[in-house]
Amino acid sequence: MTLQIDRNIYSDNCISKVVYWLSNQYAISRYLEGKKELLVIEGACDEESFRKSFFEKLNDYKLREIIDAETKDIRTILYAKAFGDFDDITEEEITE
Amino acid sequence: MKEKFEIDSNSNVLFVTDQCNNHCVMCCQPPKMKNDFDYHFKKNVSLIKSAPKATKVVCVTGGEPTLAGDRLFKLIKIVRENLPETDIQILSNGRIFANHETAHLLKEVGGDRVFVGVPLHSDYAGDHDRIAGCKGAYKETMLGLYNLGDEGIPVELRIVINKMNYRRLFQMAEFIFKNLYFVDWTAWMAMEDTGYATKNAKHIWIEPLEYIPQLCKAISYLDEWNIPSSIFNIPLCLLPQEYHHFAVQSISDWKTKYLDICDNCALKEQCSGLFATSKSIFKGLKPYPKSF
Amino acid sequence: MKRYALLPFNFTRISGKEVLINELGDMLITPIGSVQKIVDHSLDNEELYKSLVANFFISEELLPSLLDVYASRLRLKKSFLDDRTALHIFVLTLRCNQNCVYCQASSREENSIHCSMTPEMMETSVKLMFRSPSPSLTMEFQGGEPSLEPKIIKYGIELAEEINQQECRKLSYVLCSNCRSLSDELLQICKQYHVLISTSLDGPSCIHNKNRGREDSYEKTMAGIQKAREVLGHEYVSALMTTSELALDYPKEIVDEYVNDGFTDIFLRALNPYGLASDNEDWDKYNERFITFYKEALEYIIEKNKQGIFFREDYATIILRKMLTPYTTGFVDLQSPAGTVNSVLIYNYDGYVYASDESRMLAENGDFTFRLGKISDKYEDIVYGEKVRNMGKIWANEALAGCSDCPIRAYCGADPVRNHSTQGDMYGFRPSSFVCKKNKAIIEYIISLMIEREDEVMPIFRSWLR
């Protein structure tokens, strides 16, 4: 089956995440034509329910992406504040 | 106010100042803006010096006692020197302890004898600030609580239940467990109908009968986490029986009052009674039959 | 409603609700559609709005004024890291006096002469253990069957106590034993040093014996438990079980066995894919059946609690501790950063240090990926060596594909060793991971109980955590 996704609405990131979770059950190939992405899925028996489930996941990842974009900075600040005073190991002690 | 402290009294008050940097909507002792630190300091020193050595606890209060700055810490030192076996309770909005040096100083002068009672009006900053009458109060109080916790100074959280916060009592309990897990115990207090509480009655007065269910849910929750809780100022007849053991004799001896019908109550001895200073009487009071 | 900024959080849907989980692992149950409204700034529920602010899901300032509190709470969640390695497992021998069908230890015959730790090796290992800066150290003796080596146990404990005169750590001891041959001498050592005995009890005798490859196993184990309880006290003997394929059909019987034997908790463990146990081919099927087994057993345990019998399921308790309390947890398998090395180190009878219990089992099968060095190597070379640094790049689930954006990440963990042994690389592939499926099913099940039967289960869950 083929799914068509508008790349103006759903980013590569979102699509990749959904594909990641499906990739152990289905063979999925992706083709980009301008701002339209085509996914060819092999192995989906119930197309109706696959489509529904796919777009549900896609929409959820889009929401998560918005939250992530808006909170990236504060998250970094939070972790820096919480764990930033490590003075018992120095860079020199961990030689690359 | 007392002329001399008593060993077992729960109202050995060291009144530090009438000034306050909060303006709580239900304050039963509305603040006065006059420089009274010295006046009270002198009185307090003589109270301390004349107090029996076996005095159990003294209560440092106001207004906001921490506004006295150095004089407060000096006072605590004097208590420690003269009454080494006496616990020192400080009633404070905790805001000054947002500065951790100040919290550290309190630990230094008070040692293991000092504990702090801090009011929390809501888990939500907006509500707390509105009730405290001061924007930014929540943030400073929360940071103050954390610094007191870091210093190992025991903290009692005091929640005065009013119309503006009674709907979130359970959420407050959850908040306390998650975010103020180091707190030593919580006191859930019915309002005294005097001062601002009377003045602002329209916005903040609420009968205990209206919030008892939420209160019980909050107390049960904290009890399940082994966080000690007490109920202050609510007569036993308004509380379900299984919550009676949370109620304490919270009203200062000199302002407790009972009604005539209380003479017939089997539980009068254990009951906190009512505030003699309150303008109104709680609804729904009735004596427990003597056969109880 | 005021203007607000988002704070990091994720969400999922369980039991007809939207479950929001923030960076601290705090959970809020909300109506479906709440996340969209929060993101769109079209929230219409004032009480929900206040809860979101109070619980660090949104902030009324761009930089939260309680950032210090937020950070302090995050630090507390990860404070298991502060202590560094606290659990030190000493695998004394491969010799064993049983023949369990799922043996993860690849045990050898009781009378085999090799495969045991020498006193010199014990001394080197104990000294290495004290190089860990942790203020508390647990020495856990494993095997094979470690009680077959009482002299080495005595030597190890006494040496640790001697060194501790200077070190002043908090020492504790655990002996993992099948309790078949607990000599009086060994029990006296256990009594003197407050050694906790951790034994294996798979269920009623029919299940236990079938699993253990001996007909008298149940009898001997029960007798051993009894003896240990008499000498050491009831609270010094604990039991855990491994869910063999046979056990999958008997959740209630197994719980009943534990309750009747006077235990107050059980750890419902799935099989590990190691040692002899990996002959079990159909892991998919086993995993599915285990999840069903777990739910039935947990349900039955809840029933027991409702009847007034205090009985705790340990795996659920660890997850609940993460969900409901601000505190950290120390369970090695559900941590991020991973428990390997950070929380546990293994000193093996073969003279080498391993990253985790499962790492040395891999070695028995010829895979030395997680052998970190010799027990005689320098501590810094072991824990900061190249192998550990490589693990360090991929041992936090905050940074793994499939995990980093998983809504229940805070309640789960990373296990590079398990990934390697089942999937061929440490990074792992979540969609086909059995551990992921199992953990997700159990965590979501627990959340669904909290949503659908709040008044019934919450007091019980809290009683497990007190």
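Chains A and B share no contact, and 15 Å separates their closest C-alpha atoms; two residues count as in contact if their C-beta atoms, placed from the backbone, lie within 7 Å. The model is predicted, so that local features need pLDDT of at least 70 and side-chain atom pairs count only at pLDDT 80 or more, while totals for chains, interfaces and linings use all residues. Residues are numbered from 1 along each chain as its sequence is written, and chains are lettered from A and ligands numbered from 1 in the order in which they are written.

Of the 2 pairs of chains in contact, chains A and C share the most contacts. Here 18 residues of chain A meet 20 residues of chain C. On the chain A side, helix H1 (12-22) and helix H2 (47-83) each supply at least two residues, helices (H or I, at least four residues) and strands (E, at least two) being DSSP runs numbered from the N terminus. H2(A) gives the largest share of this side, with 12 residues. By class, the side of chain A that touches chain C holds 10 nonpolar, 3 polar and 5 charged residues. In this grouping Ala, Val, Leu, Ile, Met, Phe, Trp, Tyr, Cys and Pro are nonpolar, Asp, Glu, Lys and Arg are charged, and the others, Gly among them, are polar.

S3(C) runs antiparallel to strand S2 (residues 9-14) of chain C, with 6 bridges joining them; strands pair if DSSP finds at least two bridges between them. Within this pairing, Asn10(C) stands opposite Ile21(C). The two strands form a hairpin with 2 residues between them, and Ser15(C) in the turn has a positive phi of about 50°.

S3(C) is also joined by 4 bridges to strand S4 (residues 27-30) of chain C, again antiparallel. Ile21(C) faces Met27(C) of S4(C) in this pairing. The hairpin of S3(C) and S4(C) has 4 residues between the strands, and Gly25(C) takes a positive phi near 85°.

Chain C is assigned domain 1 (5-77) and domain 2 (83-358), with bounds from an automatic or database domain assignment. Their C-alpha centres lie 39 Å apart. In chain C, 5 residues of domain 1 are in contact with 5 residues of domain 2.
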